[in-house]
There are 2 protein chains.
Amino acid sequence: MSAPTPPPERPRLPWDPPEHFEKRVPDGDSRERLVCGRCEFIHYQNPKVVAGAVCTWKDKILMAKRAIEPRKGFWTLPAGYMELGETTEQAAQREAKEEACADIEIDRLLAMYSVARIGQVQIMYRARLLNENVSPGIESEEVALVAWKDIPWDQLAFPTMVWALAHFHKSRGQKDFSAYSNPTGDLAKMWPPRKPQGL
Amino acid sequence: MSAPTPPPERPRLPWDPPEHFEKRVPDGDSRERLVCGRCEFIHYQNPKVVAGAVCTWKDKILMAKRAIEPRKGFWTLPAGYMELGETTEQAAQREAKEEACADIEIDRLLAMYSVARIGQVQIMYRARLLNENVSPGIESEEVALVAWKDIPWDQLAFPTMVWALAHFHKSRGQKDFSAYSNPTGDLAKMWPPRKPQGL
């Protein structure tokens with residue numbers, strides 16, 4: 001059996017600090033932080049929240065083909081960075097609007113995943129589309145309402161999207177269930193993305 | 001009836017940017033961000049995650065009296081800012097250790113609250129103490145295992161701690177329940193903190 005493809009190197013991101021920021025433990029702190037060597041500004045870095053949703057219209061799931069890196073050309077569920085001044089529910093609704101021009105109503109919390117390697121907490125809701133008028137937003141090449149049997153497992157953008165779809169499927173018909181968290185076993189190892197066993 | 005005390009002004013925080021950062025919409029972005037006027041570093045500000053837990057030993061709840069501002073001298077549940085490289089569960093466990101020298105085991109997600117005004121997502125777990133050896137960490141003046149009838153409602157530090165305690169109480173004995181989110185009605189208005197109606 002050949003070794004699996006390693007996850008892609010984390011690309012340089014717009015919020016990565018410049019070279020003249022240095023690692024130092026600020027007074028009253030217990031951890032190294034990045035401090036601007038010119039003005040002493042302490043650049044605290046904390047995990048970022050990604051909010052999204054598995055949005056359904058009848059029995060179909062809203063998916064979007066990414067028009068931007070990382071993973072341009074791969075399929076995802078509407079999700080993105082939460083902004084200041086909004087709630088997690090509002091962030092998920094805004095992302096559905098921005099990426100798929102979709103109007104959604106939040107049902108309930110489906111899952112919360114920690115992706116420690118890249119400093120993210122991903123919050124995924126179950127949601128209903130209010131109508132079937134969806135179209136690509138600026139970050140999407142294409143959007144589609146996809147039947148379960150047609151999910152393009154090998155073409156999913158991120159392992160957490162495999163997790164969210166699998167957990168959504170398990171949650172069907174359930175009203176009161178504990179929000180899912182990081183899976184274990186086969187489902188934990190979804191790089192590269194593929195259809196999980198038993199689904 | 002006199003007007004309620006307004007919430008305290010948000011104090012200047014260590015990660016607040018210096019005066020020479022200016023508001024500007026960076027290329028390829030759609031929102032104003034703070035940009036360093038000297039080196040063009042874009043200071044993206046996103047909501048921060050606070051993780052904590054309602055930790056029980058038999059029927060008592062672990063609480064800590066804050067030794068630091070904001071709300072020094074008031075009582076709280078162990079909770080604090082999530083750091084890079086950890087999961088939300090690990091963050092809640094670390095905070096219980098740091099604030100109350102407590103070893104805990106996570107049961108399940110109790111609640112997730114958005115506090116948009118201060119850019120926080122607060123994630124609260126239900127957890128069990130592994131033993132009753134608790135003592136104040138550096139950020140606490142005092143810790144205690146408190147019976148439900150002895151909760152010092154008027155002395156709680158933050159409205160979200162009232163929410164978490166009320167939701168914990170509702171969740172007693174339940175295994176599968178949807179994680180709670182921001183409350184509505186009387187419970188939404190817990191500044192200043194006090195015992196909610198009907199509890």
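Predicted model: local features only at pLDDT ≥ 70, side-chain atom pairs only at ≥ 80, totals over all residues.
Q: How many salt bridges are counted between chain B and chain A?
A: One salt bridge joins B:Glu83 and A:Arg31, with the closest N and O atoms 3.5 Å apart. That distance qualifies because a salt bridge requires a side-chain nitrogen of Lys or Arg within 4 Å of a carboxyl oxygen of Asp or Glu. The count between the two chains is 4 salt bridges.

Q: What area is buried between chain B and chain A?
A: The contact takes 46 residues from chain B and 46 residues from chain A. By class, the side of chain B that touches chain A has 22 nonpolar, 11 polar and 13 charged residues. Carbon and sulfur atoms give 62% of the buried area, which is about 3,600 Å².

Q: Which residue follows helix 1 of chain A?
A: Helix 1 of chain A spans residues 88-100 and reaches 18 Å from its first C-alpha to its last, close to the 18 Å expected. Its buried residues include A:Thr88, A:Ala92 and A:Ala100. After the helix comes a residue with a positive phi, near 50 degrees: A:Cys101.

Q: Is B:Thr76 buried or exposed?
A: B:Thr76 lies in strand 6 of chain B. Buried means under 20% relative accessible area. B:Thr76 has a relative accessible area of 4%, so B:Thr76 is buried.

Definitions and conventions. Residues numbered from 1 in each chain as written. Chains lettered and ligands numbered in written order. Heavy atoms only, no water. Helix = DSSP H or I, 4+ residues; strand = E, 2+ residues; numbered from the N terminus. Expected span 1.5 Å × (residues − 1). Buried < 20%, exposed > 50% of the residue type's maximum accessible area, 1.4 Å probe, protein only. Contact = heavy atoms within 4.5 Å. Buried area = accessible area lost by both parts, 1.4 Å probe. Nonpolar A, V, L, I, M, F, W, Y, C, P; charged D, E, K, R; others polar.
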